[in-house]
Amino acid sequence: MYRRILAAGIVIAGCCCLIVASASADEPLRSAHFQIDESVVGGSGLTQESSPNYQAGEVIGDIGIGNSASSGYQVSAGYDTTGNPALTFVVDGADTSFGGFSPSAAATATATFTVIDYTSYGYVIQVVGDPPSNGSHTISAMATTGASVPGTEQFGMNVVKNTNFCGSGCDVGANPDYGQFGATSAGPTANYDTPNMFRYVSGETIVQSPKSSGAITYTISYIINVTSLTPGGHYGSNQFLICTGTY
């Protein structure tokens, strides 16, 4: 006989690892007697050069700033930019609750995290942890990407907006928010980027960026389906999101 699942929740933690690799092209010019921290090619760096007939201020360097990128490289221009890489990772919601379960419809929940990436060349986000469990019973993880099937035990997720996946008005999640810089090559990986299709494999990469990409907020969409024989009680799970800088 079916017993109602009372509640379920996921506690999410995050950690960030920025591995700074040694590369001669990124190091400042130096010798035993001098060091140049910011080198430029062009006419910037003028310091009030003057004569009786003219005066030049530091105009070129102040205006010549910005970002230029292609699929293979990215340049942040400006003589006052820092060469130090920075990668910031914040989990915005650490406690995610599904509420009650029913075999007739999927239970849903969301969690968000933000990555700010400057000159670290890129990053990957991995998810690590077990599916929700209650004592000896664990909800089956979706090891193969697939659709929500009410009445079948499933635990899955993706990182996009899902619309009408369980009937009219059944929406959950959001697409990545790229902020003021607009869409970039950063985003969910192939297993987690399709609306209404879910998956969960601990250790897999769910988001990746091949180069610096500014500030991006991602939303994880979770689903849980149960059967009429799923034991009732409180289900819980601890999961980790791991952000690692790449080169």
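This is a predicted model: local features need pLDDT of at least 70, side-chain atom pairs count only at pLDDT 80 or more; totals for chains, interfaces and linings use all residues.
1. Buried here means under 20% relative accessible area, exposed means over 50%, and partly exposed lies in between, with a 1.4 Å probe and protein chains only.

2. Residues are numbered from 1 along each chain as its sequence is written, and side-chain values use heavy atoms, with hydrogens and water left out.

3. The secondary structure comes to 1 helix and 18 strands. Helices (H or I, at least four residues) and strands (E, at least two) are DSSP runs, numbered from the N terminus. Of the 247 residues of the protein, 34% count as buried. Residues 24 or more positions apart make up 77% of the contacts with a separation of 6 or more, where contact means heavy atoms within 4.5 Å.

4. Confidence deserves a look before the details. On the pLDDT scale, the predictor's confidence in each residue from 0 to 100, the protein averages 79, and 64% of the residues score at least 70. Strand 14 has the highest mean among the elements (97), and helix 1, residues 60–63, the lowest (49). Residues 1–6 stay under 50, and the model has 28 contacts for them beyond four places in sequence. Residues 19–25 are also below 50, with 6 contacts beyond near neighbours in sequence.

5. Which strand does strand 14 pair with? Its antiparallel partner is strand 17 (residues 214–225), over 5 bridges; two strands pair if DSSP finds at least two bridges between them. Within this pairing, Gly156 stands opposite Ile223 of strand 17.

6. Next, the nonpolar packing. A nonpolar core is a set of buried Ala, Val, Leu, Ile, Met, Phe, Trp, Tyr and Cys residues joined through side-chain atoms within 4.5 Å. The largest one has 31 residues, and Phe113, Val115, Tyr123, Ile125, Ile206 and Tyr218 have the most contacts inside it. Two or more residues come from each of strand 8 (86–91), strand 10 (107–118), strand 11 (123–129), strand 14, strand 16 (205–209), strand 17 and strand 18 (234–245). Another core, of 7 residues, lies apart from it and has Ala106, Met142, Cys170 and Ile223 among its members. As general background, nonpolar side chains in soluble globular proteins tend to be buried together.

7. Leaving out residues up to four places away in sequence, Tyr218 touches Ala111, Thr112, Phe113, Val115, Tyr123, Val159, Pro176, Ala186, Gly187 and Val207.

8. The aromatic rings make a picture of their own. Rings of Phe, Tyr and Trp (its six-membered ring) pair if their centres lie within 6.5 Å; planes under 30 degrees apart count as stacked, over 60 as edge-to-face and the rest as tilted. The count by this rule is 8 aromatic pairs. One cluster is formed by Phe98, Phe101, Phe155, Tyr200, Tyr222 and Tyr235.

9. How many salt bridges does the structure hold? There is 1, counting a side-chain nitrogen of Lys or Arg within 4 Å of a carboxyl oxygen of Asp or Glu. Glu204 and Arg199 form a salt bridge through their side chains, at 2.7 Å from N to O. Both residues, Glu204 and Arg199, are buried.

10. Asn164, in the loop between strand 14 and strand 15 (187–188), has a positive phi of about 55 degrees although it is not a glycine. Asn164 counts as partly exposed because its relative accessibility is 43%. Asn196, in the loop between strand 15 and strand 16, has a positive phi of about 70 degrees, and it is not a glycine either. With 24% relative accessibility, Asn196 is partly exposed.

11. Finally, two long-range pairs. Thr244 in strand 18 and Ile125 are 119 residues apart in sequence, yet 6.6 Å apart in space, C-alpha to C-alpha. Thr244 has 17% relative accessibility and therefore counts as buried. Ser228, in the loop between strand 17 and strand 18, lies 125 residues from Pro103 in sequence and 5.7 Å from it in space, C-alpha to C-alpha. Ser228 is partly exposed, at 39% relative accessibility.
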